[in-house]
Amino acid sequence: MAYALIVSLKQTLEPLLDSARSRIQISSSELQPIYEDLCYLKSFFDKVKSLEDSNSVEELEKDVKDVLQNARDLIESHLSDVVHSAGDGSWNSSAGFSPKMVKVKDKLSPFIDVLKAKENELTGNQQLPPDVAVPVPVPVLSRINHGIVELEYEVKMLQRRLLESDSALQVFYIVGMFGIGKTTLAKEVYNNEDTVYKFHMRLFVEIGVKYKLEELLLRLLRPLLQERVSEVKKEETVHELGDRLSESLSHRTYLVVLDDLRDMRVWEQLRPYFPDVGNGSRIMITTRMTNMDCFRKYIHQKRLLTHQASWWLFYQIAFSNMKMDMHQKKGYVEIGWEIAKNMGGLPLALVEIGEVVSKLPKTVECWRKVAQNMNSHIQETSIPKAVNAGLPQHLKACFLYLCLFQRHYDIPTSTLIKLWVAEGFIEPEADQSLEQIAEEYLEDLVSRSLVIVDEQSYTGRIKTCGVIHKLVRDVCVTEARQQKLFCIVNEGTSTKNQRRLSIQSDVLLEVMAVSRVRSLVFMCADAEHQDPLPVFERVKWLRVLHALPIRFSKFPDQVLKLVRLRYLAITFEGELPSSISTLWDLQVLIIVSSRAISSPVFLPLEIWELQKLRHLHCMGFDLPLPSTDLNLMKLLTLSGVSFRTCVDGVLARIPNVIKLGIRFNPADHAVEVSCFKAVFSYLNHLESFKCGVTSQSEAAFSLLGFPSGLIKLTLGGSGFLWDEHTSIISDLPHLQVLKLRWRAFCGPKWELYEGGFPRLKFLVLEDLDIEQLIARSNHFPVLQKLLTRRCCKLEEIPLDMGDIPTLEVIEVDECSISLVESARRIQKEQEELGNENLKVRIHSSSDEL
């Protein structure tokens, strides 16, 4: 995984090259040549995704990675030694460093020369165009006698859509992960006799990731042209070829299948050359991508096979060469069923493992060995290549990293993104934050059908996610270990030469080889039984420490020596020591105190010296007022603090905070109410504000002064009155999400007025004592989802709210019978009006409902 290492090492060197940004002073002349080599390496691997001679490139990548890994070890070892041997302030570092860098440059230079020669060779052979890669061969399943009910049903459904009477040109997408049978389905429809009869011209072109636009056009034109392709290629431009294709198709009813489309930009380039002349022509596209356009489309989501269908497909292949009666096959059938079930309904895996099994000696023991060592056999199939096919270099490490988390674990996006950034996987861009870029990376992985969204936030952002398939995860775990990206540690796991460890069971850490480990992530539920303190003495280059499952009796002093830490998540009792400032590279600090959160303590003043801090979650702690002129200008999120943090002198020093989460303690009521109006005057970039009151009180604070850019607001226990305070919130011009929880507002009636909540999309009413909601459709003009949960006194949802044109979901959870009935009336009325988009969901433990 050379690319991730290149990006990470570049980020390590960049601040060192700028003496104004670095506390460690190193002559730039020592690092600049290596930095320039890194820039070239990144540009090379950006261009070379995969080549005809990819094996030679992979070997070069492996050798380069070893040299870079040693270079990073030397640099980080030197930096750690400098920090540990110095006092405070800035550190001059030259002694003994220059000879080491000369050695690194000497080892790196020959590889740079080889890569430049390779680039010249490939460019000369025209093998290095943008976005080039080799398509992964996928077994043709149509040669199998399909008895799968699901495929037959899909063929009929698509056939019906394809042949419908609409005369306009329509685009059909068959979407799904690799190996799920998209091509097989498309071919079944393409070769169907009814299809052959209707369309005068049928074209089937595989695109994959190795393509040139002119070559695609020529392949489409080949059946239509009388001239030889070579002559056409010489004399015509891409635009001329496209015009010829358009002219040739304009007089025919055509069906074009574009198979295995990996980049929607290809379709955007081709689409102008497919004419719509009102004759019922169709285009069918198979793709992993989900970011389709909106051009008269029909999307068919290809699903995984059921257990029964999986068994039937596997049986046809695995038993194809077996001359036995059913009684003799019994022992094989039991094992085969288990193998088929473990393929998770993925046709490609079923076919390839079925072929492996079909060639085995006909003994039950041989089949059993396959079942017991499934992962090793999967590695020998085309599945590992299919997983990575067409995946850009910048996404590979990010994708593999998802598998560091436990299986069946809903990965919190916020945690994942923080880890990606801390690991150095994200390449900075001038106009976007690292977190924004990382979020785009994740969305890209989702669009490629590699990552599944488990839960979305109310604003449509990904809240939790996971790897889309068990086999994909197994393949990625193996590859990550081989690439030394990370290693999942269970009992008996060797950690030699591994740089990142995910601890997923109660293991003896002290016996592991961890001296060069960069990341320790504790994921196991029984982690509190472990004692990692001796290990902390041996991981002086650690960048990431995620140890929330372990409960320390006090903050461990050993952690304070990990001066290269960028990410620290830890649970402990007591106070945070002032020497936390020695961790001057920290970007993420997540600390949870086991003391009661109702009586938080202040963080040490030295917290303000952590100038690189981007995210601070400190449950049970508060930010103190600094005595010196220090600011945390890079801080983006702050949560877990109480209102004691919300004083002018503190908030004025964190002006770029985007997300703020605070708790209100009525004991400090006088102080907090008086200062709260000034809170938001400093936070001009605030987008999300969450406040919870720890116990019942009257109006806890003032709502005046909310920043106009606020997008999400969550309130609980604040004790506001509906008629006095909601008008302030309703005037917020950008508010999209409003969550009102226990006693956020009090009183029997909420009457809305026209013109409020202009952009509100999601409204949550939870555990409120409200009895009557008075609202019409124009009071929430763009509302998409209304959730009422445990509002036992609320009598009904106004019937007029069903007329909100954007409303998609009304969800009622544990509310009164009358409220449930009103929701059902809304649904019935909308159905009678022809509105099929509105869904009403009722959840209740009561038999009466």
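pLDDT is the predictor's confidence in each residue, from 0 to 100. This is a predicted model, in which local features need pLDDT of at least 70 and side-chain atom pairs count only at pLDDT 80 or more, while totals for chains, interfaces and linings use all residues. Residues are numbered from 1 along each chain as its sequence is written, and side-chain values use heavy atoms, without hydrogens and water.

Q: What pLDDT does the protein average?
A: The average is 83, and 85% of the residues score at least 70. Over residues 126–147, though, the pLDDT is below 50.

Q: Why is helix H19 called roughly perpendicular to helix H20?
A: H19 (residues 413–423) and H20 (residues 434–447), both DSSP runs (H or I, at least four residues), pack at an angle of about 115 degrees, with their axes 10 Å apart. Axes are lines fitted to C-alpha atoms over the stretch in contact, and angles run from 0 to 180 degrees between N-to-C directions. Angles of 65 to 115 degrees count as roughly perpendicular, so H19 is roughly perpendicular to H20.

Q: Which residues of H19 make the contact with H20?
A: With contact meaning heavy atoms within 4.5 Å, they are Thr413, Leu416, Ile417, Trp420 and Val421.

Q: What makes S8 and S9 edge strands?
A: Strands are DSSP runs (E, at least two residues), and two of them pair if DSSP finds at least two bridges between them. The open sheet has the order S8-S10-S9, with antiparallel pairing. S8 (411–412) and S9 (451–456) each have a single partner strand, so one side of each is left without a neighbour in the sheet.

Q: How many bridges join S9 to S10?
A: Five bridges join S9 to S10 (residues 462–467), and Val451 stands opposite Val467 in S10.

How values were computed. Parallel < 35°, antiparallel > 145°, perpendicular 65-115°, else oblique.
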